[in-house]
Amino acid sequence: MTEHPELKPLDETTFDTVLCVAAHPDDLEYGTAAAVDKWVRAGKTVTYLLATRGEAGIDTMHPDKAGPVREQEERDGAAEVGVDVVEFLDFHDGVVEYGLPLRRAIAREIRRRKPDLIVSLTYADHFPGGFVNQADHRAVGLAVVDAKADAGNRWIFPELVEEGYEPWQVKQVLVCADPDSTHGVDVSDHFDAAVASLTSHREYLSALGPDYPAPADLLGMVLGGPAERLGVTYALAGRLIG
């Protein structure tokens, strides 16, 4: 059995604005929302950016209907943790490709929101525990890391300057659910808010069937494992990139 090192506490005094980027509605609700609730309650500004509307995520619902349903569920889930700015890039669910259009779109939002910290999801081929990471997650996760650099360089995507978006230097990226996580956020007092946020995805969760874990059980696993490495009850873990 692989021994994981202790997590370093994330220094939460180094940022006041946070941009959370993910591929699909519900991605941020699998743990990240607990930290978001903590930060919003502390007076930090947090905004969400989703690459897709998750239209291919419900097998029993046509994408034309599923897209708007999942968009609203994401807005409802965000509201549970105090986030009222949720943007969608309109890439197609399930077939997101890493490349310049994706990097440009994320860089544009970085320059618009001017975050101190970006929170994203791992682009590794597997999650902690060995589960295979989905293709859209990998494409968006890697694009986020590259868009961090793109956003700070006026000669990369110069058309963004022409659109009025001046370069912005982001201090750090926290890549969550990464098998090589280095840092943790104590979210012990924000578990219930995270459960409420995930529960907002009612249609999506219902379509996964009765054997799929309940939100509280699932988040207990997601946030409970890293907590042991941080010495708290619940924790969000991620790999910090400076």
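Modeller: Before we start on this predicted model, a cavity here is a set of grid points where a 1.4 Å probe fits but cannot get out.

Colleague: Which elements give two or more residues to its lining?

Modeller: Those elements are strand S2 (17-22), strand S5 (117-121) and helix H4 (135-151), with H4 giving the most, four residues. Among the lining residues are Val21, Ser120, Leu121, His137 and Val140, and by type the lining divides into six nonpolar, three polar and one charged.

Colleague: Switching to the largest nonpolar core, which residues have the most contacts inside it?

Modeller: That core has 40 residues, and those with the most contacts inside it are Val18, Cys20, Trp39, Val46, Tyr48, Val83 and Val119. Apart from it lies another core, of 25 residues, which includes Val21, Ala107, Tyr165 and Ile241.

Colleague: And what does valine 119 touch, not counting residues up to four places away in sequence?

Modeller: Leaving those out, valine 119 touches Val18, Leu19, Cys20, Val21, Thr32, Trp39, Leu174 and Cys176.

Colleague: How far apart are valine 95 and aspartate 136?

Modeller: In sequence they are 41 residues apart, while in space valine 95 and aspartate 136 are 6.7 Å apart, C-alpha to C-alpha.

Definitions and conventions
Residues numbered from 1 in each chain as written. Predicted model: local features only at pLDDT ≥ 70, side-chain atom pairs only at ≥ 80, totals over all residues. Heavy atoms only, no water. Core = buried A, V, L, I, M, F, W, Y, C linked by side-chain atoms within 4.5 Å. Buried < 20%, exposed > 50% of the residue type's maximum accessible area, 1.4 Å probe, protein only. Contact = heavy atoms within 4.5 Å. 1 Å grid on protein atoms, 1.4 Å probe; cavity = no way out; pocket = protein on both sides within 12 Å on 5 of 7 lines; lining within 4 Å. Nonpolar A, V, L, I, M, F, W, Y, C, P; charged D, E, K, R; others polar.
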